[in-house]
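Subject: Structure for you to look at

Dear colleague,

I am passing on the structure we spoke about, together with some notes on what turned up when I went through it. Please have it open beside you as you read.

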Amino acid sequence: MSAFNDIRDYVAVPRVLSLKLAPDGSRLVSAVQSLNPDGRSYGTALWAIPLDGEPHRLTRSAKGESAAEFTAAGDLLFTSARPDPTVKDATDEVPALWLLPRAGGEARQVACRPGGVSAVRTAGDVVVFASDVLDGEAEAEEQRRKARKDAGISAILHESAPVRYWDHDLGPGRTRLFAARLGADRLEDVRDLTPDPGEGLRDVSFELTPDGSTVVATWRVHLPLGQFRTELVAIDVASGERRVLFTDDRNDFTGPLAVSPDGGRVACVRDRHTDLDVSARSELWIGDLATGEGAAHAPDLFPMDLAWAPDSSAVYLAADHQGRRPVFRVALDGQVTRLTTDDSAYLGLNPSPDGRFVYALRSAVDRAPGPARVDTATGEIADLSSPAPRPEVPGTLTEISATTDDGATVRGWLVLPEGASAEHPAPLLLWIHGGPVASWNDWQWRWQSWIMAQRGYAVLMPDPCLSTGYGQDMIDRGWGDWGPRTMADLDAIVDVAVARDDVDGERLGAMGGSYGGYMANWVAGHSDRYKAVVTHASLWHLDQFAGTTDVAMYWQREFGEPGSERYAKLSPHHSLDRIRTPMLVIHGDKDYRVPIGEGLRLWWDLQRTGAEAKFLYFPDENHWILKPGNVVAWYETVLAFLAQHVLGQEWKRPDSVA
């Protein structure tokens with residue numbers, strides 16, 4: 001039985017989320033997400049992946065485990081909100097730091113904080129971890145939190161933006177870094193390394209130097225008028241002294257980041273600040289840890305993950321490229337070599353200590369993520385035994401491309417269902433990716449094209465302008481021209497798809513989420529070729545959106561102040577009166593990236609014009625639909641809507657929605 005036949009079977013498929021190699025190169029560890037026994041939520045557990053054997057589960061708590069990190073001795077540090085069995089009547093509600101001995105036995109808690117432990121790094125006997133702390137002395141943290149709780153206080157006073165992120169409120173605590181030493185039973189000499197960070201460590205990425213003497217971390221600097229930039233700093237573990245490594249008024253220095261094994265250099269990502277005429281650009285930045293001098297490497301490769309070669313001579317880089325995400329080797333002299341030549345997308349890079357291999361998670365549009373080994377000399381790829389199954393897909397994957405009206409080439413993936421032919425052409429669904437600076441190149445748990453293929457649809461996943469992996473010119477083509485330029489690119493590649501004899505050019509639907517939802521709204525107002533449009537977490541009224549999103553700063557850099565010419569030109573709501581296509585509007589109330597006001601405004605505008613539409617509302621979901629039952633409701637409603645309008649079937653309300 002296919003995992004895509006019943007949505008409930010699909011949501012129950014375990015998922016490999018991460019990959020970590022032990023310091024001696026003897027084994028890998030992954031965090032694996034799977035359905036909890038109640039069937040209503042997901043949990044995570046850590047699995048060991050021997051390099052020449054079968055995976056086995058390491059942890060089993062009801063609260064789950066994550067953030068795995070090996071010590072120098074090969075023991076495993078991780079975070080979990082599981083109760084501590086050594087403490088009577090323990091009712092832990094926040095993640096603490098635990099250690100699982102390499103030699104076996106039970107895990108033990110080695111550190112806890114009232115605000116939880118969110119990330120950890122270790123080198124030698126030095127451990128540095130991140131925790132959320134209320135302003136003031138860290139030692140009085142527990143009493144201050146208890147006082148707020150007992151008084152029923154939830155109020156948070158902000159003095160700078162932002163106030164929320166993705167799906168959660170920010171504050172009242174702020175992230176700090178703590179340093180400690182590995183002791184026999186618990187961490188010893190725990191001390192606050194950053195006692196007054198303000199908002200500097202918000203969304204921090206950090207690493208330790210191999211000798212444990214220095215923390216390299218991102219540091220947010222707030223500027224006037226709601227702006228900020230991100231620097232890279234070095235913090236002395238012994239004294240807490242902080243110095244700036246990399247800073248630039250027109251660039252951010254962000255993660256992923258890594259310190260070279262010889263301790264001399266730092267690799268990170270440099271993100272260019274955008275404005276009305278300056279597009280997004282990300283590039284690999286390598287700098288000297290002592291002097292702060294650095295340079296950009298590998299132009300036109302947007303870094304998604306990076307790791308140093310064990311001899312510190314090069315950086316391994318995973319970056320989008322032509323609908324794939326290969327592994328590249330970037331030497332310090334600037335030479336760039338592509339290691340993997342297959343159609344896969346790689347993340348979680350782990351070079352072996354001897355330099356012979358890079359271990360990584362390997363996935364593709366038609367392949368669920370699993371561990372793989374890449375030979376650094378030959379590029380040969382070998383899949384390892386995975387702690388989670390890779391479902392067999394019900395159809396075939398092919399690649400198509402088109403020449404656009406301005407002479408550019410736009411390519412994309414076309415999923416074809418089993419049996420699609422000239423005698424039985426498949427109805428086509430156009431899926432528009434989010435971002436917009438992104439690419440369709442790996443396995444998507446949230447938007448799964450093979451569920452649609454199981455039901456007879458062909459799915460076109462194109463990379464139009466603003467997509468990554470095609471050079472800076474592809475992003476520049478669409479900068480500040482979201483709707484018209486992207487629409488022309490989509491029209492060109494849809495024309496190529498429907499010219500195939502195994503695709504039915506009369507039965508078309510269009511779908512998109514986030515930026516893809518913006519484009520779905522644009523398509524609805526500028527084309528009548530689609531029988532149905534599904535718009536998820538979509539931008540509709542740009543003036544309204546500009547100041548309510550959690551990333552208002554980034555948005556206004558590209559679009560300017562609300563009410564400007566760019567808003568008037570590109571806001572989909574101006575084409576409301578031209579919408580004739582039935583629309584399914586989907587939005588979650590906990591979505592702070594594209595706030596629920598966008599979905600409500602779109603829904604009301606469609607109501608007052610009498611357009612044919614439905615609104616699928618999730619009170620407890622964010623930008624994406626993540627809870628298993630809600631995922632079932634999402635797919636069943638979308639499929640019912642498409643069946644009605646694309647296939648011409650009678651509307652049948654799914655049992656999974658009220």
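This is a predicted model: local features need pLDDT of at least 70, side-chain atom pairs count only at pLDDT 80 or more; totals for chains, interfaces and linings use all residues.

Backbone

Most residues other than glycine have a negative phi, and most peptide bonds are trans. The peptide bond from alanine 161 to proline 162 is cis, with an omega near 0°, and proline 162 sits in the loop that runs between helix H2 (141-150) and strand E12 (164-165). Glycine 435 and proline 436 are likewise joined by a cis peptide bond, with omega at about 0°, and proline 436 belongs to the loop between strand E34 (426-432) and helix H3 (449-454).

Positive phi values in residues other than glycine are found at aspartate 189, where phi is near 55°, and at alanine 537, where phi is near 45°. Aspartate 189 is part of strand E15 (residues 187-192), whereas alanine 537 lies in the loop between strand E37 (532-536) and helix H7 (542-546). Alanine 537 has a relative accessibility of 2% and therefore counts as buried, the cut-off being under 20%.

Salt bridges

Side chains of opposite charge can pair when their charged atoms come close. A search of the whole structure gives 46 salt bridges, and I describe three of them here.

In one of these, aspartate 24 pairs with arginine 102, with 2.8 Å between the closest N and O atoms. The two residues come from distant parts of the chain, 78 residues apart: aspartate 24 is in the loop between strand E2 (20-21) and strand E3 (27-35), and arginine 102 is in the loop between strand E8 (96-100) and strand E9 (108-111). Aspartate 24 is partly exposed, at a relative accessible area of 41%, and arginine 102, at 43%, also counts as partly exposed.

Another salt bridge brings together the side chains of arginine 324 and glutamate 399, at 2.8 Å from N to O. This pair also links distant parts of the chain, 75 residues apart, since arginine 324 is in the loop between strand E25 (314-319) and strand E26 (327-331) while glutamate 399 is in strand E32 (residues 395-403). Arginine 324 is buried, with a relative accessible area of 12%, but glutamate 399 is partly exposed, at 35%. Both residues belong to a network of salt bridges that links Arg324, Asp343, Glu399, Arg411 and Asp463.

In the third, the side chains of arginine 485 and aspartate 405 meet at 2.5 Å, N to O. Here 80 residues separate the partners, with arginine 485 in helix H5 (residues 482-498) and aspartate 405 in the loop between E32 and strand E33 (409-417). Which of the two is buried and which is exposed? Arginine 485, at 10% relative accessibility, counts as buried, while aspartate 405, at 62%, counts as exposed.

Aromatic rings

The whole structure holds 27 aromatic pairs. In one of them, the ring centres of phenylalanine 246 and phenylalanine 253 are 5.6 Å apart and their planes stand at 45°, so the pair is tilted; both of these residues are buried. Ring pairs also link Phe4, Tyr10, Trp431, Trp440, Trp443, Trp445, Trp447, Trp634 and Tyr635 into a cluster.

Finally, there are charges placed over rings. The charged end of arginine 121 sits over the ring of phenylalanine 206, 5.4 Å from its centre. Arginine 411, a member of the salt-bridge network described above, lies over the face of tryptophan 413, at 4.8 Å from the ring centre.

Methods. Residues are numbered from 1 along each chain as its sequence is written. Side-chain values use heavy atoms; hydrogens and water are left out. Helices (H or I, at least four residues) and strands (E, at least two) are DSSP runs, numbered from the N terminus. Buried means under 20% relative accessible area, exposed over 50%, partly exposed in between (1.4 Å probe, protein chains only). A salt bridge is a side-chain nitrogen of Lys or Arg within 4 Å of a carboxyl oxygen of Asp or Glu. Rings of Phe, Tyr and Trp (its six-membered ring) pair if their centres lie within 6.5 Å; planes under 30 degrees apart count as stacked, over 60 as edge-to-face and the rest as tilted. A charge sits over a ring if NZ of Lys or CZ of Arg is within 6 Å of the ring centre and within 35 degrees of the ring normal.
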